[in-house]
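Colleague: Please take a close look at the sheet and go through it strand by strand.

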Amino acid sequence: MIKTIQDLKNISSFNKEYFSEANKIFFNDIDYRLLTSKTRQKYLVTQTFKFSDMFDGVKKASFVIKPISESGKISTKSIDFQTLKEVKEYLKSK
């Protein structure tokens with residue numbers, strides 16, 4: 001059962017690479033959280049700058065959520081939000 005980010009990291013070699021320092025730097029990730037929806041679905045919530053400073057030079061943080069399967073696979077499908085409050089409201093409705 002996945003209860004923490006560390007649990008998620010330890011499930012597979014893919015997940016260990018996903019959370020590597022090199023990956024974090026490349027994607028401009030700030031922080032990772034594990035949140036659960038009303039229906040007990042786990043989501044990886046990444047606070048990130050992504051590539052927001054690529055063209056205009058201004059870093060803009062956002063939150064990206066990705067569902068996590070029971071086996072610990074992080075989905076490639078994601079939804080972007082501007083604030084953590086928006087993320088939490090969305091997960092309350094799921």
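**The sheet**

Modeller: Within the sheet, Thr46 has Val64 in E3 as its bridge partner. This is a predicted model, in which local features need pLDDT of at least 70 and side-chain atom pairs count only at pLDDT 80 or more, while totals for chains, interfaces and linings use all residues. Residues are numbered from 1 along each chain as its sequence is written, and side-chain values use heavy atoms, with hydrogens and water left out.

The sheet is open and has four strands in the order E1-E2-E3-E4, with antiparallel pairing. The edge strands, each pairing on one side only, are E1 (29-36) and E4 (79-81). From one strand to the next, the twist averages 25° (axes are lines fitted to C-alpha atoms, and angles run from 0 to 180 degrees between N-to-C directions). Strands here are DSSP runs of E with at least two residues, numbered from the N terminus, and two of them pair if DSSP finds at least two bridges between them. In general, strands of a sheet pair through backbone hydrogen bonds, either parallel or antiparallel.

Starting from E1, seven bridges join this strand to E2 (residues 42-48), and the two run antiparallel. Leu34 is placed opposite Leu44 in E2. E2 also pairs with E3 in the antiparallel sense, over seven bridges.

Strand E3 covers residues 62-68, and six of its seven residues are buried, so E3 is largely enclosed by the rest of the structure (buried means under 20% relative accessible area, with a 1.4 Å probe and protein chains only). E3 is joined to E4 by three bridges, again antiparallel. There, Phe63 has Phe81 in E4 as its bridge partner.

Note on methods: Buried < 20%, exposed > 50% of the residue type's maximum accessible area, 1.4 Å probe, protein only.
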